[in-house]
Amino acid sequence: MDTLLNVVDVEATCWDGQPPAGAVNEIIEIGLTVVDLAARERVAKHRILVRPRRSRVSEFCKELTGLTQTEVDTGVEFEEACRELAAEHRADSRPWASWGDYDRNQFQRQCQATGTRYPFSGRHTNAKLRFTEARGLKRRPGMAQALDIAGLPLDGRHHSGADDAWNIAALILDLAATGDWPEGRTA
């Protein structure tokens, strides 16, 4: 049995307020951490930069994510990023998780808008919901707040897809250690 889990976090173009006319939220970074649930460890960290087609990186987005338009211009097209997720990271067959449903919904919207094949399997777990339930919290915390609650450090830059995926993976491993992660009960 494959005990590997892909943990995904995306960053997308964003604005302080409404987007400019004709612009839409587009994925500009895909962070992916591979977790081996049986070994209870993060085994790989990946980053895919994606070149937006219908929007540009705003000053607000640059401050939030640290990404610049020049940097994302070096990325791959969204369709190529989705092919890479399936081919190199087995996204179409491996279970995956994200913090909340934003990432899953953003992929679904962007795949539909661009006519791109959805790259992920149907085995998605909302890690934010799982964490909230396991901790008996009334409100669903953001990732940084969840790290505080769990007593875990924030590694890297918050709102970097690669770093956030790495941190979400730490939260998942914390849940797996207490038997509160669905696929984590194998060990």
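Visitor: How many residues does helix 3 have, and how far does it reach from its first C-alpha to its last?

Guide: Helices here are DSSP runs (H or I, at least four residues), and strands are E runs of at least two, numbered from the N terminus. The expected span is 1.5 Å times one less than the number of residues. Helix 3 is close to that expected 16 Å: it has 12 residues and reaches 16 Å.

Visitor: What kind of model is this, and how are residues numbered?

Guide: Residues are numbered from 1 along each chain as its sequence is written, and side-chain values use heavy atoms, leaving out hydrogens and water. Local features need pLDDT of at least 70 and side-chain atom pairs 80 or more, while totals for chains, interfaces and linings use all residues, since this is a predicted model.

Visitor: Which elements do the buried residues of helix 3 pack against?

Guide: Buried means under 20% relative accessible area with a 1.4 Å probe, protein chains only. Among the buried residues of helix 3 are F78, L85 and H89. With contact taken as heavy atoms within 4.5 Å, the buried residues of helix 3 pack against strand 1, strand 2, strand 3 (41-49) and helix 4.

Visitor: Why is strand 1 largely enclosed by the rest of the structure?

Guide: Look along strand 1, which covers 4-12. It is largely enclosed because 8 of its 9 residues are buried.

Visitor: In which sense does strand 1 pair with strand 2, and in which with strand 4?

Guide: Two strands pair if DSSP finds at least two bridges between them. With strand 2 (residues 27-36) there are 9 bridges in the antiparallel sense, and E11 has E29 as its bridge partner there. V7 stands opposite A97 in strand 4.

Visitor: Which element gives the most to the lining of the largest pocket?

Guide: A pocket is an open set of 1 Å grid points, over the protein atoms alone, where a 1.4 Å probe fits, with protein on both sides within 12 Å along at least five of seven lines; lining residues have an atom within 4 Å of a point. The largest pocket holds about 330 Å³, a volume being the space filled by probe spheres set on the points. Of its 19 lining residues, those closest to the centre include D9, Y102 and H159. With 4 residues, the element giving the most is strand 1.

Visitor: Which element gives the most to the second largest pocket's lining?

Guide: This pocket has about 200 Å³ of space. Among the residues closest to its centre are V24, Q110 and T114. The most, 5 residues, comes from helix 4.

Notes:
Buried means under 20% relative accessible area, exposed over 50%, partly exposed in between (1.4 Å probe, protein chains only).
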